[in-house]
Amino acid sequence: MALKLVIGDKNHSSWSLRAALALELTRDPYEEVMVPLHQADSRARLLAHSPTGKVPVLVTEQGPVWDTLAIVEYLAERFPEAHLWPRGEYPRALARSICAEMHSGFGALRSHLPMDLARDQALAEVPADVEADIARVCAIWADCRERFGEDGRYLFGHASIADAFYAPVAARLRSYRVSAPAPAAAYVETIYQWPAFQRWYQAALREVRG
């Protein structure tokens, strides 16, 4: 049985994007099931796959795995040869730390700059707490790429779970035309050149255009 990933709308579902990018890193074939969100029957359709009625959910031979952190850890264990986490004890610990920070933090950024891949318009005004979140994200990117980026592109030298977790934030910076320091802007470009992200991005644009 191939793994099955249940996702929401590609234009808006940032957590679905994170799980999909991590799954792409395994290079293992999988089935994708998209359930449009915010529809009258959305929750009922999602409950058929997950006990939480939320996306994403990874359906395995043994049952569902929900919550994006749990999904990526499952994938990392199932496909150790893919090196979804960086090599080395400290780089892995740091990658887990910044993913956990992404998972539980940056509330202002999420609230004021929801993911909208089809958008190309700045906010009239960026609140101070959003600016603080953006500054923190840019600092994370600069630190990881400088210390572990090797080729200066991905956060830890090769595309990893850490990049999957921060790809939706990179997309937000571009969608909302956020002015960012040169290293952060370069990382955003890296994400947009990532083939797995590009496939999702193009599908999101088709989704919006109908």
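Predicted model: local features only at pLDDT ≥ 70, side-chain atom pairs only at ≥ 80, totals over all residues.
Residues are numbered from 1 along each chain as its sequence is written. Local features need pLDDT of at least 70, side-chain atom pairs count only at pLDDT 80 or more, and totals for chains, interfaces and linings use all residues, while side-chain values use heavy atoms, without hydrogens and water.

**Exercise 1.** State in which sense strand 1 and strand 2 pair, and what unit they make with helix 1.

Solution. Helices (H or I, at least four residues) and strands (E, at least two) are DSSP runs, numbered from the N terminus. Strand 1 covers residues 3–7 and strand 2 residues 30–34. Strands pair if DSSP finds at least two bridges between them; here 5 bridges join the two in the parallel sense. Ile-7 stands opposite Met-34 in strand 2. With helix 1 (residues 14–26), the two strands make a right-handed β-α-β unit: with the strands pointing away from the viewer, the path from the first strand over the helix to the second runs clockwise.

**Exercise 2.** Describe the contact between domain 1 and domain 2.

Solution. An automatic or database domain assignment sets the bounds: domain 1 is 4–82 and domain 2 is 89–197. Their centres, taken over C-alpha atoms, are 21 Å apart. Counting heavy atoms within 4.5 Å as contact, 18 residues of domain 1 touch 21 residues of domain 2.

**Exercise 3.** Find the salt bridge count between the domains.

Solution. The criterion is a side-chain nitrogen of Lys or Arg within 4 Å of a carboxyl oxygen of Asp or Glu. The count is 1 salt bridge. Arg-96 and Glu-73 form a salt bridge at 3.0 Å, N to O.
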